[in-house]
There are 2 protein chains.
Amino acid sequence: MKTMTDDLRRISVVLFEGFELLDVFGPVELFSMVPDRLAIEFTGPEAGPVASSQGVQVTATTRYDVAAIPDIMLIPGGQGTRRLVNDEAFLSWLRAWTTPASLVTSVCTGSAVLAAAGLLDGYRATSNKAAFAWVREQSENVDWIAQARWVEDRDRWTSSGVAAGMDMAAALLADLFGKDVAHGATTRAELEVHDDASWDPFAKIYGLAG
Amino acid sequence: MKTMTDDLRRISVVLFEGFELLDVFGPVELFSMVPDRLAIEFTGPEAGPVASSQGVQVTATTRYDVAAIPDIMLIPGGQGTRRLVNDEAFLSWLRAWTTPASLVTSVCTGSAVLAAAGLLDGYRATSNKAAFAWVREQSENVDWIAQARWVEDRDRWTSSGVAAGMDMAAALLADLFGKDVAHGATTRAELEVHDDASWDPFAKIYGLAG
């Protein structure tokens, strides 16, 4: 297994039935801009097609229980998270798949799954704004931040809903490889990112901020 | 076949080997927010997995030659477009798949393929900024607009690179269904869009504007 000290870091995206498309492919688009630094893998319940919330299927290359522990994990949100927070077998695998060396990231309601697994205990975190009340219920041991585009707290990075994942991904690239690398990636994607983690007009729209 | 006068419009995304992920899933995320108005399909060289530029595979539900002509077509960009502009069989199919009633849209270098097929003749259009010189070469019969987030010209909507597809998709939702519907979709996706089609800082970065 490669570790964080190698040049090429392995990032694994956890697919599950009912994952949200843009939660995955926003960050993946940016991560794919630095192929010399990041190798991207997709793991699922089985190797093979996994249906998104929108129906369209994306192919997982490895099955959860045989997937090597990555340097960086990304778990998206989507309707499927409603089921996963109660799926003890999945949560147990997710815990075992996470080591003290892991960088654990989530987009949208992916943080509800991390919270249900206990992987955000003692951390600050955020999530999708429309689903925030439900996400909070997944753990009292998390310091939930309602108004945030994303929250980075040591080895846990969690973003707000859907499109916020792209801003978090750009910030993560900057943190790992420097601002120039991040800027190169977003420029190639013609993406204007929000680089202020506290920018979050959606918190107010959903009644979560003054 | 459903037509533009029915309540539910059919939008087909043209997948091909080497399509760019966010070109597809940015717009698809927004389109999927209005499932009562838009049915989204994916067509490919074969029904089954199609590899993106990034490697990860997405499942096409129908093969090009048996796919019903949709109300709205979306063709993404990506490395695969370099090959498609010289693929006469593909271009011939694309022309035949387009009727006077079709709304034809593209993201990024998807417009190079449309231009190569002659489907932008007499239209204004834009494309990816890093690849603009190459895109221009695909047709002299197109009024190429270098500085534009997207260009809408009658039944042809073309966007700039990658992330610009999301802004175009939001504008298209507003045009088809009204601003409230578009705003609802972007708010659910926690996406701040640019609603000014002339906003394009990337044109300058790539030396295409003063």
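**View 1. Strand E7 of chain A between its two neighbours.** Strand E6 (residues 72-75) of chain A runs parallel to E7(A), and four bridges join them; strands pair if DSSP finds at least two bridges between them. Helices (H or I, at least four residues) and strands (E, at least two) are DSSP runs, numbered from the N terminus. This is a predicted model, in which local features need pLDDT of at least 70 and side-chain atom pairs count only at pLDDT 80 or more, while totals for chains, interfaces and linings use all residues; side-chain values use heavy atoms, with hydrogens and water left out. Residues are numbered from 1 along each chain as its sequence is written, and chains are lettered from A and ligands numbered from 1 in the order in which they are written. A:Ile75 has A:Ser106 of E7(A) as its bridge partner. E7(A) also pairs in the parallel sense with strand E11 (residues 156-159) of chain A, over three bridges. There, A:Val104 is the bridge partner of A:Arg156 in E11(A). Both faces of E7(A) (residues 103-106) are covered: A:Leu103 and A:Thr105 are buried on one side, A:Val104 and A:Ser106 on the other. Buried means under 20% relative accessible area, exposed over 50%, and partly exposed in between (1.4 Å probe, protein chains only).

**View 2. The seven-stranded sheet of chain B.** This open sheet has the strand order E5-E2-E1-E6-E7-E11-E10 (chain B) and mixed pairing. Strand E5 (62-63) and strand E10 (150-153) of chain B stand at the edges with a single partner strand each, so one side of each has no neighbour in the sheet. Strand E1 (residues 9-14) and strand E2 (residues 38-44) of chain B run parallel and are joined by six bridges. B:Arg10 stands opposite B:Ala39 in E2(B).

**View 3. Helices H1 and H6 on the sheet of chain B.** Helix H1 (residues 21-31) of chain B lies across E1, E2 and strand E6 (72-75) of chain B, at about 155° to E2(B). Helix H6 (residues 164-177) of chain B packs on the sheet, where it touches E1, E2, E6, strand E7 (103-106), E10 and strand E11 (156-159) of chain B. The direction of H6(B) makes about 150° with that of E11(B). Contact means heavy atoms within 4.5 Å; axes are lines fitted to C-alpha atoms, for helices over the stretch in contact, and angles run from 0 to 180 degrees between N-to-C directions.

**View 4. The hairpin of E3 and E4 in chain B.** Strand E3 (residues 48-51) and strand E4 (residues 57-60) of chain B pair in the antiparallel sense over four bridges. B:Gly48 has B:Ala60 of E4(B) as its bridge partner. Five residues lie between the strands of this hairpin, in which B:Gly55 takes a positive phi near 105°.
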